[in-house]
Amino acid sequence: MTHHRTCNLCEAMCGLEIELQDGQIQTIRGDQNDSFSRGHICPKAVALKDIYEDPNRLKTPLRRKGKTWEPISWEAAMEEVVTKIQAIQAQYGSNAVALYQGNPSIHNLGTMMNSSAFAKALKTKNLYSATSVDQLPHHFASWLMFGHPLLIPIPDIDRTDFMLIFGGNPLASNGSMMSVPDVAHRLRAIQERGGQVVTIDPRRSETAAKASAHHFIKPGADVYLLLALLQVIFSEKLDKPGRLADFTDGLEQLQALVAPFSPERVSGVTGLSAVAIRDLAMAFATAEKAVCYGRVGVSTQSFGGLCHWLINALNIVTGNLDQAGGAMFTTPAIDILAASKGGQRFDRWRSRVRQLPEFLGELPVAALAEEISTPGEGQIRALVTSCGNPVLSTPNGTKLEKALEGLDLMVAIDIYLNESSRHADIILPPATGLENPHYDLTFHALAVRNTAKYSPALFPKAEGAKYDYEIYQELSHRLRGEPGPFVAESPEQKLALGLQFGPYQLDFEEVKKQKHGIDLGPLEPRFPARLFTEDKRIQLYPDLLVKDLARAEQALQESTSPTFPMQLIGRRHLRDNNSWMHNAQRLMRGRDRCTLYMHPDDAENLGLKDQAQVKVSSRVGSIHLPLEITADMMPGVVCMPHGYGHHRADIRLDVASQYPGASINDLTDETVLDELTGNAAFSNVWVSVEGS
Ligand code: SF4
């Protein structure tokens, strides 16, 4: 039997062809006929089988009993969770319970459709998610400029002549905030048709190695380079917004704002020569079709919001927004944007301890530990985590781990007993990947082509198990105190309605029949009709962002710390994604990937040898890991992967425990944020390195 489905492990939405014999998976291949991925897969796809068969995967609820765990019934688990949450809220108020949603939540149809109702049923303002560790600045800039936080510009990679990538490594990620399977061929095709791919990164990444040109940049300095690129474009009179000028406000103000940022002024702080900056600006502005794309490296820094504003501005000023070959907007078959309108989404309340503003109903996760551990009215006493491992994935994981120990109640909706869920009192494990039907609600809205695809479940859930939507709906039903027996509603009913009333009015039964997916064509110009701003105009000069530029001006004057003289950045490997995938043996074998990259000159200055064990320290802590000396690093910058740190004795991750590595988030600093958006500034962490 052959089963076709979409891989939901990352954003690329690759089509899979899975061969089964006697109910066992024999092979997982790329589906050559998939309308979007055209046969491409990465090594992670086979992890779907590993996860499904993983003996460490939890299938029944667990309750902590001292230092061990006991299986309990779903009824007992649900009753205990809801009773304890209600008791805590009755004693300390609604905000005493917090919810953290991890990255896999967004890759799961049932969670996507039901977790916000669960968050509402909790009636708490203490909502946190992985969004504030890597992508909040995208949403912030889109909200202020285009009127909707999900109206994200997507590079039209298949038609562009010039792709300028800031802080992104799509060859490892297969695109992020840009679903693009088979990205290697697509980038090569740009070069084969005479175009250029240029990367800006403190590391010569896998993508940089294949690019037409790569420029090292000092971590956190992208904002200055972007300002200077715009300055050159205006001063050389290369600005040509074209039809965008008819519905864009602020072009002249932006020109005046960037005027002081000449290439000569920012050369020192960025590490690029003035000539290189000027040449880059001219090449970008004179390319027939160009697109500037920024990802994790520019989101996870002190000026993430400013960076994404200026990236959008660069595309607008050169006439490359909403144009073929530029940054475009999708027309997804289910229009998730239509469900929520624009309007005020920022600073409606603040975190209790540090007074950090909310955005989109969430507080920055960098504030979570202090909200749990700081006594006083409004202190968080209970935490529910949903598909997340914040101890390894959020800044200063050590502090958060200590805070979790002090909770009155922790509930983890998770398939693994991991570094975070080990602190839970109760774990509720939902059915997993291949047991679920799937439709990518979010990533069809972020894809480089308009496509639609439904994947049926391959296997039934284990006997007595619950789907994630059943867990969220039942918890919500009980929390709301609704009368009568609980009956779960499958997400497919809402899916059918979404398709029927979407822009293509697709019939769900017809969509189901198209096992290779439906290609709905290339991205089309959508503006101004698609704008969510009240006046249907692009805001190129948003007040909040303009005011925030003062911070960047101030930082130009600041010097580095002698105690921590080097800058730390993260990296991702093609076989890494979320921390739980470290429990798939075939993704982990081979040489140790959790190493610290350092430039040869820095290693020589510090007297360090390749493969030596080194100690890396920051304001918040120290870790030990092997050194890898490579000229791919910019001098003064070191780099390590995220998602490691599997050394805790009582987690049930047999494979991951063999590859413990060290957690980058035992170094990252919860006090270092993009102060405007609240995103963690992982790329602005200063460290020292010594032999150990
Ligand atoms: S690139 Fe992403 S979607 Fe494609 S096979 Fe790999 S993990 Fe799955």
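**Figure 1. Contacts of Leu225 in the predicted model.** In this predicted model, Leu225 is in contact with Ile200, Ile217, Val266, Thr270, Leu272 and Ile277, its neighbours within four places in sequence being left aside. Leu225 also belongs to the largest nonpolar core, where it is listed with Leu226, Leu227, Leu229, Leu230, Leu310 and Val638 as the residues that touch the most other members.

Figure 2. Helix α9, spanning residues 222–235, supplies the largest share, namely 11 residues. Because domain 1 (136–331 + 526–549) and domain 2 (559–691) both contribute residues, the core lies between them.

**Figure 3. The contact of domain 1 with domain 2.** The domain assignment of the protein gives domain 1 as 136–331 + 526–549 and domain 2 as 559–691. Taken over C-alpha atoms, the centres of domain 1 and domain 2 are separated by 28 Å. To the contact, domain 1 gives 23 residues and domain 2 gives 23 residues. On the side of domain 1 that touches domain 2, the elements giving two or more residues are α5 (136–146), α6, α13 (296–299), α14 (304–317) and α21 (543–557). Of these, α5 provides the largest share of that side, with three residues.

**Figure 4. The buried and exposed faces of helix α7.** Helix α7 covers residues 183–192, and Val183, Arg186, Leu187 and Ile190 are buried in it. Viewed down the axis of α7, the buried residues fall within an arc of 95 degrees, so they line one face of the helix. The exposed residues His185, Arg188 and Glu192 are carried by the face of α7 turned away from its buried side. Among the elements covering the buried residues of α7 are β9 (162–166), α6 (170–173), β10 (196–200) and α8 (206–210).

**Figure 5. Backbone geometry on either side of helix α7.** Asp182 is placed in the loop between α6 and α7. Although Asp182 is not a glycine, its phi is positive, at about 60 degrees. Asp182 is buried, with 20 other C-beta atoms within 10 Å. After α7 comes Gly194, whose phi is also positive, with a value near 90 degrees.

**Figure 6. The four-stranded parallel sheet.** Four strands, in the order β11-β10-β9-β13, form an open sheet with parallel pairing. The edges are taken by β11 (213–215) and β13 (290–294); each has a single partner strand, so one side of each is left without a neighbour in the sheet. On average, neighbouring strands are turned by 15 degrees against each other, direction ignored. Within this sheet, β10 and β11 run parallel and are joined by three bridges. Val198 stands opposite Ala213, the latter in β11.

**Figure 7. The seven-stranded mixed sheet.** A further open sheet is formed by seven strands in the order β5-β4-β19-β18-β17-β6-β7, with mixed pairing. At its edges stand β5 (68–71) and β7 (127–129), each with a single partner strand, so one side of each is left without a neighbour in the sheet. Strand β4 (residues 62–65) pairs with strand β19 (residues 426–428) in the antiparallel sense over two bridges. Arg63 has Ile426 of β19 as its bridge partner.

**Figure 8. Positive phi at Asp347.** Asp347 is placed in strand β15, which spans residues 346–350. Phi of Asp347 is positive and near 60 degrees, in a residue other than glycine. Asp347 is exposed, with 11 other C-beta atoms within 10 Å.

**Figure 9. The cis peptide bond at Pro528.** The peptide bond from Phe527 to Pro528 is cis, its omega being near 5 degrees. Pro528 is found in the loop that runs between β23 (518–522) and β24 (538–539).

Key:
Residues are numbered from 1 along each chain as its sequence is written. This is a predicted model: local features need pLDDT of at least 70, side-chain atom pairs count only at pLDDT 80 or more; totals for chains, interfaces and linings use all residues. A nonpolar core is a set of buried Ala, Val, Leu, Ile, Met, Phe, Trp, Tyr and Cys residues joined through C-beta atoms within 7 Å. A residue is buried if 20 or more other C-beta atoms lie within 10 Å of its own, exposed if 12 or fewer, and partly exposed in between; C-beta atoms are placed from the backbone. Domain bounds come from an automatic or database domain assignment. Two residues are in contact if their C-beta atoms, placed from the backbone, lie within 7 Å. The arc is that of the directions from the helix axis to the C-beta atoms. Two strands pair if DSSP finds at least two bridges between them. Axes are lines fitted to C-alpha atoms, for helices over the stretch in contact, and angles run from 0 to 180 degrees between N-to-C directions.
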